[in-house]
Amino acid sequence: MNSRFLGAGLLVALTCLWFGCGQDNPLNRQAVDGTVTLNGEPVKRGTIRFDSTARGPTMAGGKIRDGKYSIAGQKGLAPGEYAVYITIEDPNWNALKEPSPKEMAPPDYTTGKHKVTVSEGSNVFDFDIKAQ
């Protein structure tokens with residue numbers, strides 16, 4: 001019986017250490033937003049993802065709609081360096097004729113070669129992508 005309470009107490013203590021007790025934002029997550037254009041035109045539909053380059057505690061992503069994306073602070077990124085992954089759907093894709101949309105972003109953007117550094121405060125990252 002005592003081992004149950006000890007186990008539960010240990011679980012609560014470890015949870016507090018990892019996530020923080022009573023803190024709304026223990027990882028110091030920051031909001032991230034910006035624009036994505038392809039050859040100067042706003043990207044109609046796509047996705048953006050930020051992966052920590054230091055195996056950090058956070059990664060986040062969202063949808064790109066009409067050239068804009070936004071990730072709120074509570075789901076945002078801890079300060080640090082991130083690889084950026086962007087996919088862009090072909091605006092002329094017809095689901096009845098093709099099984100999946102053609103990828104419009106160049107490989108540099110789909111493979112995470114672009115990096116950004118998130119810091120405390122404003123984090124606006126705009127991407128002006130040139131098609132190959």
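View 1. In strand E6 (residues 80-88), the bridge partner of Gly46 is Ile88. The model shown is predicted: local features require a pLDDT of at least 70 and side-chain atom pairs count only at pLDDT 80 or more, whereas totals for chains, interfaces and linings use all residues. Residues are numbered from 1 along each chain as its sequence is written, and side-chain values use heavy atoms, with hydrogens and water left out. Strand E3 (residues 45-52) and E6 pair in the antiparallel sense over 7 bridges; two strands count as paired if DSSP finds at least two bridges between them. E3 also pairs with E4, again in the antiparallel sense and over 7 bridges. Here Arg45 stands opposite Arg65 in E4.

**View 2. The whole chain.** The secondary structure amounts to 2 helices and 8 strands. Helices (H or I, at least four residues) and strands (E, at least two) are DSSP runs, numbered from the N terminus. Along the sequence, their order is α-β-β-β-β-β-β-α-β-β. Of the 132 residues in the chain, 28% are buried; buried means under 20% relative accessible area, exposed over 50%, and partly exposed in between, with a 1.4 Å probe and protein chains only.

**View 3. The largest nonpolar core.** This core has 23 residues, and those with the most contacts inside it are Phe50, Tyr69, Ile86 and Phe127. Strands E1 (32-38), E3, E4, E5, E6, E7 (114-118) and E8 (127-129) each supply at least two of its residues. The largest share, 4 residues, comes from E6. A nonpolar core is a set of buried Ala, Val, Leu, Ile, Met, Phe, Trp, Tyr and Cys residues joined through side-chain atoms within 4.5 Å. In soluble globular proteins, nonpolar side chains tend to be buried together.

**View 4. The surroundings of Ile86.** Residues up to four places away in sequence are not counted here, and the residues that Ile86 touches include Val36, Ile48, Ile64, Tyr109, Phe127 and Ile129. Contact means heavy atoms within 4.5 Å. Also among the contacts of Ile86 are Thr47, Glu103, Ala105 and Thr110.

**View 5. Gly67 in its loop.** Gly67 is found in the loop between strand E4 (59-65) and strand E5 (68-71). Gly67 is buried, with a relative accessible area of 4%. Not counting residues up to four places away in sequence, Gly67 touches Gly34, Thr35, Val36, Pro42 and Val43. The C-alpha atoms of Gly67 and Asp126 are separated by 9.6 Å, although these residues are 59 residues apart along the chain.
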